[in-house]
Amino acid sequence: MKKFSIVQHAKIFFSITAIVLIVGIVSMFTRGFNLGIDFTGGSILDVKFAQPVTVSQVRSVLTSHDLGNSIIQLGSSDQQVESSESVLIRTGLISDSQRVEVMKDMTDKLGQNEVLRVENVGATVGKDLVKSAVGAVVLSWVLMIIYITIRFELRFALAAIVALIIDVLVTLTWFSVLHLEIDSSFVAALLTVVGYSVNGTIVVFDRIRENLHTHRRSESLGDLV
């Protein structure tokens, strides 16, 4: 079976990575991010229908009013339930006239209903939380440099940081280019990406360090890796 050496074709992969990052950075500065309700705040509608409705039915109506990204929760403690008379809708900030229009459409398509509560809410993910997340990432970089420098050497540490930054930027690139919604789960997911990136880097560097002890002078760096 013929082997394909990723390391010996590093220039190709560096080029692909560079293109992806350039596209992503341009997109971040021009298109920005699709921030969800958790970041921007919005309105809460507590609605009681005469007949049980499903999440997909409610979302279908909201989508026709450009509110398809709303968070919809059925008023039941049973996670397995598929329909309910009580529905909690958390959507972007809407005007009274738009709310009346949406509820009229709900009545026409899903039957009689009663709005029990209307409330405007602030962002659940505030600037402080975002700053804390960024601070956690930066702190992890600093601690990684110190740890890897002690365990390996400085050039290993710098390479690990570059790899980590690329992992984070590629993730941000996909969310910006595809305009995927960013909510509170994204912050946790990004920190998870950092954790797995660090773990993978340490494992790879450990193997490289082991191979250095048996490295032959005739063997290239690519062969060793």
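**Notebook: fold, overall shape and helix α6**

I began by reading along the sequence, where the protein follows the pattern α-β-α-β-α-β-β-α-β-α-α-β-α-α. I note at the outset that this is a predicted model. Counting the elements, I have eight helices and six strands in the protein.

Next I looked up the overall shape. The radius of gyration is 25 Å, whereas the globule rule gives 17 Å for 225 residues, so I describe the protein as more spread out than a compact globule. Along the principal axes, I find that the C-alpha trace spans about 80 × 45 × 40 Å.

For the charges, I looked up 19 positive and 21 negative ones, and their mean positions lie 13 Å apart.

Helix α6 covers residues 154-177, and its 24 residues reach 34 Å from the first C-alpha to the last, which is close to the 34 Å expected at 1.5 Å a residue. Which residues of α6 are buried? My list holds Phe 156, Ala 157, Ala 160, Ile 161, Leu 164, Val 168, Thr 171, Leu 172, Thr 173 and Ser 176. Just after α6, I come to His 179, which takes a positive phi of about 55°.

Note on methods:
Residues are numbered from 1 along each chain as its sequence is written. This is a predicted model: local features need pLDDT of at least 70, side-chain atom pairs count only at pLDDT 80 or more; totals for chains, interfaces and linings use all residues. Side-chain values use heavy atoms; hydrogens and water are left out. Helices (H or I, at least four residues) and strands (E, at least two) are DSSP runs, numbered from the N terminus. The radius of gyration is taken over C-alpha atoms; the globule rule is 2.2 Å times the number of residues to the power 0.38. Lys and Arg count as positive and Asp and Glu as negative; His and the chain ends are not counted. The place of a charge is taken as NZ of Lys, CZ of Arg, CG of Asp or CD of Glu. The expected span of a helix is 1.5 Å times one less than its number of residues. Buried means under 20% relative accessible area, exposed over 50%, partly exposed in between (1.4 Å probe, protein chains only).
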